[in-house]
Amino acid sequence: MNDSAVDYAAAFQALPGMVALLTPDLVYVGVNEEFLRTAGRKREQLIGHHLFDVFPDNPNDPGATGTRNLEASLRRVLTTGERDTMALQRYDVEDPERPGHWQERYWSPVNAPVLGPDGEVVLLVLRVEEVTELVQARGGRHTGKAQVLEAELYTRARELQELNERLRRAHAREREVALALQEAMLPAGRQVSDHRAAVRYRPAVGALNVCGDWYDLIDLVGGHRLGVSVGDVVGHGLEAAGVMGQLRSALSAASRVAEGPAEALDVLGRYAHVVDGAESATAVTTFIDFDRHTIAYSSAGHPPPVLVHPDGRTEFLDRATDPPLDARPDPAPRPQAGTAFTDGATLVLYTDGLIERRHEDIDTSLARLASSLTRHRGADPEVLADSVLLELLPQGGATDDTALIVVRL
């Protein structure tokens, strides 16, 4: 049986556990038969209704935390685009046969995202297993042991929940410090050699993989020349920010004395071999010669820069691509290529967070970038940079950080 022959609606209804689909506003759009049976609700009582209008906290329990904990987990999924497994929860449910009477219930929830083509969360999957009988297990000759088990399970679950919250707060603090360090080490947008340039850095929203992207612009020695580069370090947080700073500084220094971008990347590759955390790092650098109207470039495993000509034609600088910085045990000379430009052209460098999308071919992503750059080619670099980010990054932010640099030639 091929994939197109599978009745996914029937499969969803037959799932053995309780499963519901929610919109990002936490409104029910789908539930399976097991959810209806266990919750004691009819489909019309759920579909189109807000989650917490249907299942509010027990008003007779001033210490109830079910809605607060569940909403916090669902919001984390919306923010991060990642699955969130909750600790055991007590979440009482009103008896559908006796309004005003609440049943003590215990649940083990897991929340997961359904991602759209641009990586944004379009639906939330709420999967719940009821464990009330296991927790309560009242009656029979094992009553005493069951009550001890209940207390132990609930206590450990609350401790796990509190530990998870502390870990999230600690991560949030580390993320803030790492972003501050990233901002301090990256150069601000500025006029370089009397040519207009715009730079942007957008951290990943709610994700761990932030602070690995970098960019740089430097005036080169000899003639009217400018070096422009971007790079990407695998990793996150303070470690990635530290490695990023080392590689950026090393490439900046190498570019000032190298004969061309390939030689600069040769030096950087040798340096990356002795830097912990530089594994699989990528970079691309370009040397712009305004007197000769040429661009020399070399890439170490990085997406190609784009040259947008005044007539709207886009040229991807992809004829000098090599593996990432530390890919070879014995470094070898890297390739270098060149191209010509006319006044009014625009050079654009970026990191993969701008273009890569799950389940999308890279050629499709690059074509979308080229189309956006062509449409906005006449805009000032600052406006062009903002327009491209607005069109290409998913609404609400990307799951990978993004660096972008635009230079008007």
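Student: Which side chain does the side chain of Arg248 make a polar contact with?

Tutor: The side chain of Arg248 makes a polar contact with the side chain of Asp216, at 3.4 Å. A polar contact is a pair of N or O atoms within 3.5 Å; within protein, one must be able to donate a hydrogen and the other to accept it, and residues adjacent in sequence count only if both atoms are side-chain atoms. This is a predicted model, in which local features need pLDDT of at least 70 and side-chain atom pairs count only at pLDDT 80 or more, while totals for chains, interfaces and linings use all residues. Residues are numbered from 1 along each chain as its sequence is written, and side-chain values use heavy atoms, with hydrogens and water left out.

Student: Where is Arg248 placed, and is Arg248 buried or exposed?

Tutor: Arg248 is in helix H7, residues 237-257. Helices (H or I, at least four residues) and strands (E, at least two) are DSSP runs, numbered from the N terminus. Arg248 is buried, with a relative accessible area of 15%. Buried means under 20% relative accessible area, exposed over 50%, and partly exposed in between (1.4 Å probe, protein chains only).

Student: How many helices and strands are there in the protein chain?

Tutor: The protein chain has 10 helices and 19 strands. Of its 409 residues, 48% count as buried.

Student: Turning to sheets, what is the order of the strands in the open sheet of 5?

Tutor: The order is E9-E19-E18-E14-E15, with antiparallel pairing. Two strands pair if DSSP finds at least two bridges between them. E9 (197-202) and E15 (314-316) stand at the edges with a single partner strand each, so one side of each lacks a neighbour in the sheet. From one strand to the next, the twist averages 15°.

Student: Within that sheet, how many bridges pair E18 with E19?

Tutor: Strand E18 (residues 346-350) and strand E19 (residues 402-408) pair over 5 bridges in the antiparallel sense. Leu349 has Ile405 in E19 as its bridge partner.

Student: Which strands does H9 touch, and which does H10 lie across?

Tutor: H9 packs on the sheet and touches E14 (306-308), E15 and E18, its direction making about 140° with that of E15. H10 lies across E9 and E19 and runs at about 30° to E9. Axes are lines fitted to C-alpha atoms, for helices over the stretch in contact, and angles run from 0 to 180 degrees between N-to-C directions. Contact means heavy atoms within 4.5 Å.

Student: At what angle do the axes of H9 and H10 cross, and which residues meet there?

Tutor: The axes of H9 (residues 362-375) and H10 (residues 381-392) come within 10 Å and cross at roughly 145°. From H9, Arg368, Leu369, Ser372, Leu373 and Arg375 meet Leu384, Val388, Glu391 and Leu392 of H10.

Student: Now for strand E1: why is it described as largely enclosed?

Tutor: Strand E1 (residues 18-22) is largely enclosed by the rest of the structure because 4 of its 5 residues are buried. E1 pairs with strand E8 (residues 121-130) over 5 bridges in the antiparallel sense, and 3 bridges join E1 to strand E2 (residues 28-31), also running antiparallel.

Student: What stands opposite Leu21 in E2, and what is its bridge partner in E8?

Tutor: Leu21 stands opposite Gly30 in E2, and its bridge partner in E8 is Val125. In the hairpin of E1 and E2, with 5 residues between the strands, Leu26 takes a positive phi near 65°.
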